[in-house]
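Subject: A structure to look at

Dear colleague,

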Amino acid sequence: MKRILGAMALLMSGTAMAHAEGELFLYNWGNYTSPEMIKKFEEKYGVKVTITDFDSNDTALAKVEAGASGFDLVVPSAGFVGIYAEKGLIQKLDLSKLPNHKNIAPEWMNVEWDPGREWSIPWQWGSTGMSVNVKDYSGDINTSDIFMNPPAELVGKINVIPEMGDVMALATMWAGGEVCSEDPAVMKKVRDALLAAKPKWMSMDYSTVEKMINHDYAATVDWNGSAMRARLGNPDVAYGYPKEGYGLWMDNVVLLADAKNVDNAYLFLDFIMEPENAAALSAFARYANGIAGSDAFMPEDMKAAPEIITPAEFADKGHFVTVCTGKALEYQTAIWTELQK
Amino acid sequence: MARARDFSVTELPGATLVSMLVFVALYAPILVLIVYSFNAGESVAVWGGLSLDWYRAAWANDQVKEATWVSLKVATGAAVLSTALATMAALGTTRRPAFRGQTFVYVMINQPLMVPEIVTAVALLLVTAAIKKATGYTGLGYLIVAHAAFCIPFAYLPIRARLEGMDLTLETAAADLYASRWQTFRRVTLPLLMPGILAGAMLAFVTSLDDVVITEFIKSPGQDTLPTYMLGQLRRAMKPDVNAISTLLLALTLVLLSAFFLLTRKRK
Amino acid sequence: MSPAEEAVRRENIKSAWQLSAPALLVLTVAAVGPLLIVLVYSFLTPGTHGNVEWVFSLEGWRGVLFDHDIFEDKLVLADGNLTIFWRSVKLSFITTVLTFIVGFPTAWFIATRSPASRAGWLFLITIPFWTNLLIRTFAINQIIRNEGVLNTLLLKAGLVSAPLQLTYTDTALLIGMVYVYLPLMVLPLFATIDRFDMRLLEAGYDLYASRWQVLRRVILPIIRPGIVAGSILVFVPCLGAYVTPRILGGGKNMMIGNFIELQFGQGKNWPLGAALSVTLLVIVTIALLVYVKAISGERKNG
């Protein structure tokens, strides 16, 4: 009996070795993929995962569209999934190969960019709101007034991330419009308010975590994961959900049409929908995932984090930041340019 | 020999002081980066105590190790290639009577300086994608050639500056002594030109090491360099593992250089 | 011209082309050639999600100089573009002058060391640049911030009574730019000073010239090629600078590099980005040719 088991073990390790030939090429945002989770996947399936970084949705799309990118899986933001599909760059998923597909949380199953989740698998999601140092400002922080019409205490100590889509979405909702508004009255209000507010800002920079911890900034437009990192380093930092409307985003994994390692890609997609692995992703990237049951495996400091678990009163104020086109985009680019000229 | 005597002649008032200050200023940020590589915290800017965590993290992080290795390979390849090409071009375009097309050559060589990187990057993306499709080759060759191209002016200009007005007498003398062209070049011109070539090669090397945008657009899977690895993190918090890697690189460079200088000194 | 002279001249030109050919080939493949694509793109229609549609259009070029006023349906002069362009030129110029002021004494210092130690000093100049630009820029920021090393030292020494607000000012930006571009000035200067015959100085002093006169009449004219090379290498890349303005200048104002990047990124207007870059290229090329002509003309007359 022992011998048979031994032989079986040998055989299985043999097949694992054969699998080790396998490769998988993942194209993702930098510092976004948990190395531990990747190691676990590699050991389980004997597939070597090569991660390559991109810095923006636009770069990733341009590269994939040019062809012969060599990647199997890409992680674009919600609004871009449809663009990839429309251009024929990704393939529809064979759900029978994804037994864990049922783990996708109900609220993330029938999303507007992919009803039924036939094209994309959730990676991480979050919101864009305000980080404020409550020692500097004790008023209401759940408002975009923090940067659109700054209170006196914060003037000269505010940062705005240099991200056109996110900032314009916040500003447009603040002015009473929809995310990709084409309404001239709304956009005029947006422009005038932004131009008036800019002299009261300190900078337009990305490195919000350090600067909030060090108290170089008193407030900043921020992503929720960064806000949480800042709070862990400095308890005075609080995250506000603008009641005029705040931005939501989700990054999703898609399978490229010209992927060479399709079988390994399916293994990986199914693997990350395992609640434990989804939680490992969140523990590293510090954002929420879209997988039901992952809460049990989440690190303690994230389970009750007000940045990650949206308070019920603000739940309906979040709007997805879609990719604007046409007239709406023209407004945004023109205002953004005028703002920074 | 003359130098020891006329030391005061070659001294410009304040030059030593200014250059010492320059060296201090150049190394101050480097010191900061070294200090933060021993940071216990998770950040490149918030001090959390002393630790070796990031050296351990860097060691365990295959992606950052691979990126360092790719960076060094590409920069070395690009520096060698561009310096060789730039030296030839400089010899071809300097110290000669003006010829038709000289301006054209000059503009061509300096062109990579004049276009923002993103523009070359987008254009190169289309070219390399087409070649990748046609040949199936996805190696480092694309990065090396692309880097070499924009490194050429950085190597060319110091070499040309050195060549311009370089004393012709020695070369003429060599020619008079029936030295072949190649001999004259190897024994006379090249040694005289060496400081320019060295300066050019160093500039090419550091220029290639720093490139982000072009690399970002034409890299194949697994070809992240240190800069693109960091660019990908820009929207998220930077981690000090890159500081640890940079510190190790600096230490390695200093050891190699010291060894090199000690050895050459002994031989003399 | 005698037939012999003519033959020598021909031979000369032939070898000039032969020597330049390999460099030109690489440049054609990886730099100039792809630019033709950009030129074509500037005459096309922007795609809905970036990229281009193959439909001829002059809209990209129109956008270089004129904006559609987004609120009133009329064309207005694109003063935003001009402001951004002008700021880039101004900052690049100041950076170039500052790097020369700091870089010349440094290059001189290195070139007057013993031949054996010169390479060592040169390496000392370049080694800081082996570390990544982003890391270096962050480190500079750490030094100049209000509670940073610089302000702590100044306060301790009693030189200032309150910390200097340097972060996110043009001063911070210039400090960073001078730091980043310094080797591009020092190395070409070194390469020309190094071949400088120091006996000329002796001659100068023997003729009772003052240090200033020697500097102006003897040294500067001879190292002029180095100055030309150095200032081109600093000024032109400075125009397209991207990372340093972002991090040290606070990113509130765009430089031309950021502006063009925007068009290829979130602005999704590749034709405008292409037209802007072709414009930049043409202007810089003309400026460069004028500059080089003026400098070499001066040398011939002087």
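**Strand S9 of chain A**

In S9(A), Thr220(A) is the bridge partner of Asn159(A). This is a predicted model, in which local features need pLDDT of at least 70 and side-chain atom pairs count only at pLDDT 80 or more, while totals for chains, interfaces and linings use all residues. Residues are numbered from 1 along each chain as its sequence is written, and chains are lettered from A and ligands numbered from 1 in the order in which they are written.

Strand S7 (residues 158-159) of chain A runs parallel to S9(A) and is joined to it by 2 bridges, whereas strand S6 (residues 120-133) of chain A pairs with S9(A) in the antiparallel sense over 5 bridges; strands are DSSP runs of E of at least two residues, helices are runs of H or I of at least four, both numbered from the N terminus, and two strands pair if DSSP finds at least two bridges between them.

**Chains B and C**

Gly120(C), in helix H4 (residues 115-126) of chain C, is partly exposed, with 15 other C-beta atoms within 10 Å. For chain B, the unreviewed UniProt entry places a "transmembrane region" at residues including 188-209, in the numbering used here, with feature names shortened and annotations that may be inferred rather than shown by experiment; over residues 188-209 the chain is 100% helix and 0% strand.

Key:
A residue is buried if 20 or more other C-beta atoms lie within 10 Å of its own, exposed if 12 or fewer, and partly exposed in between; C-beta atoms are placed from the backbone.
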